[in-house]
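Welcome to this tour! Please open your viewer and get ready to select things as we go.

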Amino acid sequence: FLINSYSMVNEFIIAWHNELKEKLDFEFSEMAIEVKSFSGDRRVHHFSQNQLSNLSYENLFIMSVQLKEIDETVSIRDLYLQILGNITERETKDKFNNVFYEYAGNMDLDDHRFSIPIANNTVRFFRASDVPSINDVDIPMEVSALRYKSDCSRVEPVEFEEISELI
């Protein structure tokens, strides 16, 4: 959704993670974006401690979007084809295909659908530092791989324009 929503398709594909195990979805030279989705009425997301306290990036943002299967929907296949049609460079197209199919695996691309208008109306960006989390100093050294849910409903959003200036 993020790749196709703003007029920076090539930039987002280049920044898209190469490995599914990477902690952050999009890494640029001066900032990163982690994408989270929710389907219910509350903006609650699952995080690992490393996603919110990543010291590699001073500017770390969370994109939060509601994905609901209501009214007219678009499938993952539809979105894939739209993005593919907007890619101008061969190398970028190859990277997009590789990462997309690694992510999609054996998933039925027509089975997963969501409403673009709802996604557009609910998309928000937050500074990772503003998301409710556990302070690193409060975590004993013997504790690792910490994961939890955070409700981002009351987190102050950041305009995408502020983020796009860092790309």
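Before we start, one term: a residue counts as buried when its relative accessible area is under 20%. Keep in mind, too, that this is a predicted model.

**Stop 1: the whole chain**

Show the whole protein chain as a cartoon. Its secondary structure comes to seven helices and eight strands. The radius of gyration is 16 Å, close to the 15 Å that the globule rule gives for 167 residues, so the chain is as compact as a globular protein of that length. Turn the view around: along its principal axes, the C-alpha trace spans about 45 × 35 × 35 Å.

Buried residues make up 42% of the 167 residues.

**Stop 2: the largest pocket**

Select Phe1, Val35, Leu67, Ile76 and Tyr103. Of the 30 residues that line the largest pocket, these lie nearest its centre. The pocket has a volume of about 910 Å³. Next, colour the elements that give two or more residues to this lining: helices H1 (2–5), H4 (76–86) and H5 (90–104), together with strands E2 (31–38), E4 (59–66) and E6 (113–114). What classes of residue make up the lining of the largest pocket? The residues divide into 19 nonpolar, five polar and six charged.

**Stop 3: the second largest pocket**

Move on to Leu52, Ser53, Leu60, Ala128 and Ser129. They lie nearest the centre of the second largest pocket, which is lined by 16 residues. Its volume is about 230 Å³. Helix H3 (49–52) and strand E4 each supply at least two residues of this lining. By class, the lining has six nonpolar, seven polar and three charged residues.

**Stop 4: Leu52**

Zoom in on Leu52, which is found in helix H3. Is Leu52 buried or exposed? Its relative accessible area is 9%, under the 20% cut-off, so Leu52 is buried.

To see what surrounds Leu52, show the side chains of its contacts. Leaving aside neighbours within four places in sequence, Leu52 is in contact with Phe47, Leu60, Ile62, Ala128, Val131, Pro132, Ser133 and Tyr148.

Finally, draw a distance line from Leu52 to Asn18. These residues are 34 apart along the chain, and their C-alpha atoms are separated by 20 Å.

Notes
Residues are numbered from 1 along each chain as its sequence is written. This is a predicted model: local features need pLDDT of at least 70, side-chain atom pairs count only at pLDDT 80 or more; totals for chains, interfaces and linings use all residues. Side-chain values use heavy atoms; hydrogens and water are left out. On a 1 Å grid over the protein atoms alone, a cavity is a set of points where a 1.4 Å probe fits but cannot get out, and a pocket is an open set with protein on both sides within 12 Å along at least five of seven lines; lining residues have an atom within 4 Å of a point. Grid points are joined across faces, edges and corners, and a volume is the space filled by probe spheres set on the points. Helices (H or I, at least four residues) and strands (E, at least two) are DSSP runs, numbered from the N terminus. Ala, Val, Leu, Ile, Met, Phe, Trp, Tyr, Cys and Pro count as nonpolar, Asp, Glu, Lys and Arg as charged, and the others, Gly among them, as polar. The radius of gyration is taken over C-alpha atoms; the globule rule is 2.2 Å times the number of residues to the power 0.38. Buried means under 20% relative accessible area, exposed over 50%, partly exposed in between (1.4 Å probe, protein chains only). Contact means heavy atoms within 4.5 Å.
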